Amino acid sequence: MPTKSVWGDYAESRADRASERTGEESQTDAIGEGLAAVAYALLDVAAAIREHTEAQQ
């Protein structure tokens, strides 16, 4: 199983922080944390694609 990258750690951290937010006043913060988690996950995917492409060359 591949190891989790730095971006994967960031994504997981942001997702955890978003899940801890409760109440209407924290809803905007939770959405921001969730979007940050998605962004970091996409960076992780991009890094994996780049590594795979470089390995094939």
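Which residues of helix 1 are buried? The buried residues of helix 1 are Gly 8, Ala 11 and Ala 18. Here, buried stands for under 20% relative accessible area, exposed for over 50%, and partly exposed for values in between, with a 1.4 Å probe and protein chains only.

## Basis of the report

The structure is a predicted model, in which local features need pLDDT of at least 70, side-chain atom pairs count only at pLDDT 80 or more, and totals for chains, interfaces and linings use all residues. Residues are numbered from 1 along each chain as its sequence is written, and side-chain values use heavy atoms, with hydrogens and water left out.

## Helix 1

Helices are DSSP runs of H or I with at least four residues, and they are numbered from the N terminus. The 15 residues of helix 1 should span 21 Å at 1.5 Å a residue, and this agrees with the 21 Å between its end C-alpha atoms. The expected span is 1.5 Å times one less than the number of residues in the helix.

The buried residues Gly 8, Ala 11 and Ala 18 belong to helix 1. They cover an arc of only 90° around the axis, so they are on the same side of helix 1. The arc is that of the directions from the helix axis to the C-beta atoms. On the other side of helix 1, Val 6 and Glu 20 are exposed.

## Salt bridges between the helices

The structure holds 2 salt bridges, a salt bridge being a side-chain nitrogen of Lys or Arg within 4 Å of a carboxyl oxygen of Asp or Glu. One of them joins the side chains of Arg 14 and Glu 33, at 3.9 Å from N to O. Because Arg 14 lies in helix 1 (residues 6-20) and Glu 33 in helix 2 (residues 27-56), this pair ties together parts that are 19 residues apart in sequence.

Glu 33 also forms a salt bridge with Arg 17, in which the closest N and O atoms are 3.0 Å apart. This pair likewise links distant parts of the chain, with Glu 33 in helix 2 and Arg 17 in helix 1, 16 residues apart.

## Aromatic and nonpolar contacts

A search of the whole structure finds 1 aromatic pair. Tyr 10 and Tyr 40 form this pair, which is tilted, with 5.1 Å from centre to centre and 45° between the planes. Tyr 10 is in helix 1 and Tyr 40 in helix 2, 30 residues apart, and the pair links these distant parts of the chain. Rings of Phe, Tyr and Trp (its six-membered ring) pair if their centres lie within 6.5 Å; planes under 30 degrees apart count as stacked, over 60 as edge-to-face and the rest as tilted.

Tyr 10, partly exposed at 40% relative accessibility, also belongs to a nonpolar surface patch with Val 6, Trp 7 and Leu 43, and together they have about 360 Å² of accessible area. Patches are made of residues with over 30% relative accessible area and no salt bridge; like charges are joined within 9 Å and nonpolar side chains (Val, Leu, Ile, Met, Phe, Trp, Tyr) within 5 Å. Accessible areas come from the Shrake-Rupley method with a 1.4 Å probe, and for residues only the protein chains shown count as cover. Helix 1 gives the largest share of the patch, 3 residues.

Note on methods: Helices (H or I, at least four residues) and strands (E, at least two) are DSSP runs, numbered from the N terminus.
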